[in-house]
Amino acid sequence: MKVSGLLLAVGILAALGGGVYWSELKRKADEGKPAADAPPKILTIAEDQFKELRLEKTGGEPILLTRGEADKWAIQEPTALPADQDSVGSLVSTLASLASDRLVEEKAADLAVFGLHDPTLEVAITKKDGKTEKLLVGDDSPTGSSVFAKLENDPRIFTIATYVKSSLDKKTADLRDRRLLTFDSDKLTRVELAAKGPSIEFGKNNRNEWQILKPRPLRADGSQVEELIRKLKDAKMDLADEEATKKAAAAFASGARVAVVTVSDANGNQQIEVRRDSSKNYYAKSSVVPGLYKVGSDVGEGLDKDLDSFRNKKLFDFAWNEPTKVEIRDGDKQASYQKSGEKWMAGSKQMDSASVQNLIDKLRDLSAVKFAVTGGGQPVFEAAVTSNDGKRVEKVVVAKQDAAHFATRANEAGVYELDDKTVEEMRKAAADIKEHQPPKDEKKK
């Protein structure tokens, strides 16, 4: 009886295990399948299989898009133009997995009832294998929240959401590349800006940092140069109707020049000129695309800057590269602090790391309130900072003339005017550096 009971239990367990196994298999098989009541798909095409798209709208010019080298899309009709890759990519993505709202009829007797005998929009797709599909889009449904649609060679009638139709119903202006400059930001080597004051030329040093080369060598504020580049990269033509285009040409011709910028990358030079009218509207001409266009005020204002806007106001460049040596002179007091492992040393004495770090923070944040043409006076404070594994040594001298403080960097002609309170806090941080004090329990040992 015991053996029989054991066999019975084993059989039950086996049956349960088998049920779980087959249930799991079925669950996995059902994964990815649409729900039984899900609306049917109209199109399912892998995005990388799209080769051509042709959009035809009632009353509009047909648009032909082709995919060329490096999978880049281009507009071939009605005029050969570069295409905006993101805009065309969004169009392809919509078509690649086009779902219906619902199936209306399996086979319609009269397409005209749905506006599909003479559709308002036709989208023809040519795939890489040469096969084609054509989507027809007709009238709005009675609810107004969807439109009727079908494939040319499929008798079924569907509805699709109105926003889906909107994503397919594009004009040339929606699909063309509207950038006024097409340089590669990662390969940019030179930027020349002629705006307020003398022309400014930016280039990169051997640490890949932006520097001012002209009108004279100066340190640049890298974030401000990058912001200038971003404005140039984002400069886009404001495409409107033909009347607005004519107005842009006239406004540019009579407008005041704001800036001319030339950028250089591996492919050569590109240039843009921006002008402003009396109403503070901005217009641009680019060497990349023909025509004159209105541009956003953020572009014009972003280029309308002088030399000081791009100069680095920081006195030290070590930033977040932790220094390994700091030397200071404050009046008659001199001190030198060297990093040894995690410790700061002054000769053979270990110093309090927090107090040394406080001085480093003050030096790191030391910035000019403005740039001075001249400055002098009696030196009151000097600091030399070694960083970047000993490869970078920066020396700053602070002098006081009358009630103002000025600073200069070694081997640089620029003069920086400093805030008096900032100088006082820096000198106090230097004076507050003290020796390391071990914990009391460590002293007892």
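Here are some worked exercises on the predicted model above.

Before you start: residues are numbered from 1 along each chain as its sequence is written. Local features in this predicted model need pLDDT of at least 70, side-chain atom pairs count only at pLDDT 80 or more, totals for chains, interfaces and linings use all residues, and side-chain values use heavy atoms, with hydrogens and water left out.

**Exercise 1. Get an overview: how many helices and strands are in the protein chain?**

Step 1. Helices (H or I, at least four residues) and strands (E, at least two) are DSSP runs, numbered from the N terminus.

Step 2. The protein chain has 10 helices and 28 strands.

Step 3. Now for burial: buried means under 20% relative accessible area, exposed over 50%, and partly exposed in between (1.4 Å probe, protein chains only). Of the chain's 445 residues, 37% count as buried.

**Exercise 2. Work out which residues of helix 8 are buried and what they pack against.**

Step 1. Helix 8 has 13 residues and spans 18 Å from its first C-alpha to its last, close to the 18 Å expected. That expected span is 1.5 Å times one less than the number of residues.

Step 2. The buried residues are Ser355, Val356, Leu359, Ile360, Leu363 and Arg364. Here's a handy idea: an α-helix has 3.6 residues a turn, so residues three or four places apart point the same way.

Step 3. Contact means heavy atoms within 4.5 Å. The buried residues of helix 8 pack against strands 20, 22, 23 and 25, and against helix 9.

**Exercise 3. Describe the largest pocket and its lining.**

Step 1. On a 1 Å grid over the protein atoms alone, a cavity is a set of points where a 1.4 Å probe fits but cannot get out, while a pocket is an open set with protein on both sides within 12 Å along at least five of seven lines; lining residues have an atom within 4 Å of a point.

Step 2. The largest pocket holds about 500 Å³ of space. Of its 24 lining residues, Glu209, Arg219, Asn312, Phe316 and Asp317 are the closest to its centre. Volume here is the space filled by probe spheres set on the grid points, which are joined across faces, edges and corners.

Step 3. Helix 5 gives the most to the lining, with 3 residues.

Step 4. The lining has 5 nonpolar, 7 polar and 12 charged residues. Ala, Val, Leu, Ile, Met, Phe, Trp, Tyr, Cys and Pro count as nonpolar, Asp, Glu, Lys and Arg as charged, and the others, Gly among them, as polar.
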